[in-house]
Amino acid sequence: MKKLVLFLTITIALCCSCNNDDDEAKATMQEFVLEEVNGSGIKGLVRVVKSSTDYTWFSIALEGTSSGNLYPTHIYNNSLADDGNIAFSLPEAYRREGDKFAISSTSFSPIDIGDSFFVMTYDELINFDGHVKILKSESDPTVVAQGNIGINAQ
């Protein structure tokens with residue numbers, strides 16, 4: 001898990017270093033844990049980051065995955081205990097050959113949901129009434145990792 005945290009820290013630092021005003025660049029971050037489900041051996045972290053320019057990233061890093069596999073990733077309404085419908089889908093987590101983690105990363109500006117677009121801010125994400133589920137594959141909807149996010153993780 002320490003390697004996962006280090007990896008995510010480096011990734012976020014690189015993303016946030018694009019600002020020319022590095023002395024004043026500060027990122028705000030919140031992490032949520034994804035636990036293994038159904039004996040999958042897959043667990044990970046969700047990280048929500050707001051850069052000094054108010055750009056928001058939502059990234060997932062999973063360990064215990066197989067290289068070359070795509071893991072569908074969704075944010076659901078409500079807590080895990082209450083279940084809920086898919087609020088929106090995220091890019092699939094993917095682990096390239098030679099990598100140790102499967103990664104999914106999304107910028108929240110704007111997100112396409114059906115026929116409309118909206119912007120979800122950092123504050124809305126960390127206070128969202130929801131949870132994340134990672135699926136085994138597009139053809140096998142078995143949940144392999146999950147965790148509450150936002151107000152449900154507090």
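Trainee: What should I know before I start?

Mentor: This is a predicted model, where local features need pLDDT of at least 70, side-chain atom pairs count only at pLDDT 80 or more, and totals for chains, interfaces and linings use all residues. Residues are numbered from 1 along each chain as its sequence is written, and side-chain values use heavy atoms, with hydrogens and water left out.

Trainee: Is H131 buried or exposed?

Mentor: Buried means under 20% relative accessible area, exposed over 50%, and partly exposed in between, using a 1.4 Å probe and protein chains only. H131 has 0% relative accessibility, so it counts as buried. You'll find H131 in strand β9, residues 129-135; strands here are DSSP runs of E, at least two residues, and helices are runs of H or I, at least four, all numbered from the N terminus.

Trainee: Which residues is H131 in contact with?

Mentor: Contact means heavy atoms within 4.5 Å. Leaving aside neighbours within four places in sequence, H131 touches several residues, including H74, N78, D83 and I149. Look at N78 too: its backbone oxygen sits 2.6 Å from a polar atom of the H131 side chain.

Trainee: How many residues does the largest nonpolar core have?

Mentor: A nonpolar core is a set of buried Ala, Val, Leu, Ile, Met, Phe, Trp, Tyr and Cys residues joined through side-chain atoms within 4.5 Å. The largest one here has 25 residues, and F58, I60, I75, V132 and I134 have the most contacts inside it. Among the elements giving two or more residues to this core are β1, β3 (56-63) and β9.

Trainee: What stands opposite I60 in β6?

Mentor: S104 does. Two strands pair if DSSP finds at least two bridges between them; β3 and β6 pair in the antiparallel sense over six bridges. Strand β6 (residues 102-107) also has two faces: A102, S104 and T106 are on the covered one, while I103, S105 and S107 are on the uncovered one.

Trainee: How many salt bridges does the structure hold?

Mentor: A salt bridge is a side-chain nitrogen of Lys or Arg within 4 Å of a carboxyl oxygen of Asp or Glu. There are four in the structure. In one of them, K133 and D83 meet at 3.0 Å, N to O. K133 lies in β9 and D83 in the loop between β4 and β5, so this pair ties together parts 50 residues apart in sequence. K133 is buried at 12%, whereas D83 is partly exposed at 35%.

Notes. Polar contact = N/O pair within 3.5 Å; in protein donor to acceptor, adjacent residues only side chain to side chain.
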